[in-house]
Amino acid sequence: MNGQCACGAVTFTTPTATPLNLYHCHCIDCRRQSASAFGTSAIFPFFSVEDDPNVSHFSRVCDSGRKQKCYFCNKCGSRILHAHVVEVGDPPVVAVKGGLLEGLDWKDAKHIFTRSAVVPIPDGVEFWIAEPDFGKAK
C-alpha cells in the first residue's frame, strides 16, 4: 500500500498489499496523538522509514511495558508509524497510522484498549479491554 504524511514530504510503500491486522486503539496515548476518540493502526511486516531525512522519532514506554519508537514527519508533524523494540518471541512488525494509507479497507478493524473508550464500541466487532496479541495474521 502507498502512504504519505499530510504535507507529502514523507512517502512510503508497505511491504505487503494489505495489513496483517487493523486496530482502532482507544488508549489515552492514541487518543492524544490522533487528537480524536481513537487512533487507527495497520499492522505490517517490519519496514523502516529511518533513512528518510524528513522523518524523526522519539521513544516511549507503553502501558504494556514495551518500548516503542514513534516516527513522525519533521515538516508537518504527522505520525507515520510505531515500531516496538523487538524482544525474543515478538513478531517483527510496525503499526502504520491508518489515515496515511491509500485504499485501506477499514471494515474489519478490531477495537483495543476499550476500557478507555469515550465512544461506544459497535455491536458485533472483535474487541479487547486491553492489549491483544499484536502481529498475528488475521
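1. Two strands are taken to pair if DSSP finds at least two bridges between them; the strands themselves are DSSP runs (E, at least two residues), numbered from the N terminus. On that basis, strand β6 (residues 67-73) and strand β7 (residues 79-84) pair in the antiparallel sense, over 5 bridges. Within this pairing, Q68 has H84 of β7 as its bridge partner.

2. The basis of the note is as follows. The model is predicted, and for that reason local features need pLDDT of at least 70 and side-chain atom pairs count only at pLDDT 80 or more, whereas totals for chains, interfaces and linings use all residues. Residues are numbered from 1 along each chain as its sequence is written, and side-chain values use heavy atoms, with hydrogens and water left out.

3. The sheet. Seven strands form an open sheet of mixed pairing, in the order β5-β6-β7-β8-β4-β3-β9. Its edge strands, each pairing on one side only, are β5 (55-61) and β9 (110-112). On average, neighbouring strands of this sheet are turned by 30° against each other, direction ignored; the axes behind this angle are lines fitted to C-alpha atoms, and angles run from 0 to 180 degrees between N-to-C directions. In general, strands of a sheet pair through backbone hydrogen bonds, either parallel or antiparallel.

4. Strand β3. Because 5 of the 5 residues of β3 are buried, the strand is largely enclosed by the rest of the structure; buried here means under 20% relative accessible area, exposed means over 50%, and partly exposed lies in between (1.4 Å probe, protein chains only). Both faces are covered: N21, Y23 and C25 are buried on one side, L22 and H24 on the other.

5. Aromatic pairs. The structure holds 3 aromatic pairs, where rings of Phe, Tyr and Trp (its six-membered ring) pair if their centres lie within 6.5 Å, with planes under 30 degrees apart counted as stacked, over 60 as edge-to-face and the rest as tilted. One of them joins Y23 and W128: the ring centres are 6.3 Å apart and the planes stand at 65°, so this pair is edge-to-face. The pair links distant parts of the chain, with Y23 in strand β3 (residues 21-25) and W128 in the segment after β9, 105 residues apart. Y23 is buried, at a relative accessible area of 2%, whereas W128 is partly exposed, at 27%.

6. T114. This residue is also found in the segment after β9. T114 is buried, with a relative accessible area of 11%. Not counting residues up to four places away in sequence, T114 touches H26, I121, F127, W128 and I129, contact being heavy atoms within 4.5 Å.

7. Cysteines. How many disulfides does the model contain? The count comes to 0, a disulfide being a pair of cysteine sulfur atoms within 2.5 Å. C5 is in no disulfide, and the nearest cysteine sulfur, that of C7, is 3.7 Å away. The sulfur of C76 is too far for a bond, because the closest cysteine sulfur, in C73, is 3.7 Å away. C5 is buried, with a relative accessible area of 2%, while C76 is partly exposed, with 34%.

8. S78. The loop between β6 and β7 holds S78, which is buried at a relative accessible area of 15%. Its side chain reaches the backbone nitrogen of A6 at 3.2 Å. This is a polar contact (a pair of N or O atoms within 3.5 Å; within protein, one must be able to donate a hydrogen and the other to accept it, and residues adjacent in sequence count only if both atoms are side-chain atoms). Leaving aside neighbours within four places in sequence, S78 is in contact with C5, A6, Y71, F72 and C73.

9. Q68. This residue lies in strand β6 and is buried, with a relative accessible area of 5%. Beyond neighbours within four places in sequence, Q68 is in contact with F58, S59, R60, C62, H82, A83 and H84. The C-alpha atoms of Q68 and T16 are separated by 22 Å, the two residues being 52 apart along the chain.

How values were computed:
Helices (H or I, at least four residues) and strands (E, at least two) are DSSP runs, numbered from the N terminus.
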